[in-house]
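Hi,

Here is the structure I promised to pass on. Have a look at it first, and then read on for what turned up.

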Amino acid sequence: MGAFLRFFGISTDDNRVDQATGLTEKQKKLVHNTWAVIRKDEVGSGVAVMSAFLTKYPEYQQYFEPFKDIPVTELPANKRFQAHCAGIIAALNTVIDSLHDPGLMEASLISLAERHKKRGQKKEEFQNLKEVIMEVLRQALGKQFTPEVAEAWSKTLEAAFSKIYQVVTV
């Protein structure tokens with residue numbers, strides 16, 4: 001059966017590495033499965049990421065005109081903040097959903113990076129966001145965040161953010 005599927009370009013090998021992303025098929029499955037937990041509450045998940053980000057890096061709040069002067073503790077109830085947070089999760093949804101289509105993922109991320117570059121965002125801010133996303137994933141997934149899941153997510157975020165880094169400057 002495996003030879004038959006391979007004839008049609010369908011691999012049954014979970015350890016095969018996708019050269020475009022650096023992820024194995026098994027790692028892609030781990031990311032998809034654990035992302036389902038986050039995706040259940042996209043606004044809440046986004047609020048968790050952005051709240052953690054702005055708590056750790058309060059100086060970045062000034063980049064967000066609609067809520068730059070609102071105390072961080074009040075942001076989760078702010079609808080403009082929630083909308084921005086939902087947008088972050090939507091961007092991550094696109095990354096996760098397009099792991100099977102790295103060209104689509106790259107095009108989406110380059111567009112996102114170009115929009116942020118126009119606003120003055122730099123590589124450092126994205127690197128800091130990537131670290132915060134990993135920490136929020138660790139907290140949200142709890143015991144599901146095994147070393148194997150952590151490695152899969154690390155590779156996923158590295159593949160995604162490397163595309164962003166091609167556009168934004170240092």
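To get started: in which helix does Gln 82 lie? The answer is helix H4. Bear in mind throughout that this is a predicted model.

Leaving out residues up to four places away in sequence, Gln 82 touches Val 43, Val 47, Pro 76 and Ala 77.

Two of those names come up again where H3 meets H4. The axes of these two helices come within 7 Å and cross at roughly 105°. Angles of 65 to 115 degrees count as roughly perpendicular, so that is the label for H3 and H4. On the H3 side the contact is made by Glu 42, Val 43, Ser 45, Gly 46, Val 47, Met 50, Ser 51 and Leu 54. From H4 come Phe 81, Gln 82, His 84, Cys 85, Ala 86, Ile 88, Ile 89 and Asn 93.

In soluble globular proteins, nonpolar side chains tend to be buried together. Here the largest nonpolar core has 48 residues, and the members that touch the most others are Leu 54, Leu 137 and Trp 153. Two or more residues each are given by helix H2 (25-39), helix H3 (42-56), helix H4 (79-97), helix H5 (102-118), helix H6 (123-141) and helix H7 (147-165). H7 provides the largest share, with 10 residues.

What does Leu 137 contact, once its neighbours within four places in sequence are set aside? The partners are Trp 35, Ile 38, Phe 145 and Trp 153.

Leu 137 and Trp 153 also both turn up where H6 packs on H7. Those axes come within 11 Å and cross at roughly 155°. Anything over 145 degrees is roughly antiparallel, so H6 and H7 fall into that class. Their crossing is right-handed. Among the residues making the contact are Phe 126, Ile 133, Met 134, Leu 137 and Leu 141 of H6, with Val 149, Trp 153, Leu 157, Phe 161 and Ile 164 of H7.

On to the charged residues. Side chains of opposite charge can pair when their charged atoms come close. The count here comes to 11 salt bridges, and these are the ones I'd point you to:

- Arg 39 and Asp 97 form a salt bridge, with the closest N and O atoms 2.7 Å apart. This pair links distant parts of the chain, 58 residues apart, with Arg 39 in helix H2 and Asp 97 in helix H4. Arg 39 is partly exposed at 30% relative accessibility, and Asp 97 is also partly exposed, at 33%.
- Arg 138 and Glu 135 meet in a salt bridge too, at 2.7 Å from N to O. Both lie in helix H6, three residues apart, or about one turn of the helix. Arg 138 is partly exposed at 37%, and so is Glu 135 at 33%.
- Salt bridges that share partners join Arg 16, Asp 18, Glu 25 and Lys 28 into one network. Within that group, Glu 25 pairs with Arg 16, the closest N and O atoms being 3.2 Å apart. Arg 16 is partly exposed, with 38% relative accessibility.

Cheers

How values were computed
Residues numbered from 1 in each chain as written. Predicted model: local features only at pLDDT ≥ 70, side-chain atom pairs only at ≥ 80, totals over all residues. Heavy atoms only, no water. Core = buried A, V, L, I, M, F, W, Y, C linked by side-chain atoms within 4.5 Å. Buried < 20%, exposed > 50% of the residue type's maximum accessible area, 1.4 Å probe, protein only. Helix = DSSP H or I, 4+ residues; strand = E, 2+ residues; numbered from the N terminus. Contact = heavy atoms within 4.5 Å. Salt bridge = Lys/Arg side-chain N within 4 Å of Asp/Glu carboxyl O. Axes fitted to C-alpha atoms, helices over the stretch in contact; angles between N-to-C directions. Parallel < 35°, antiparallel > 145°, perpendicular 65-115°, else oblique. Left-handed = near helix turned anticlockwise from the far one by under 90°.
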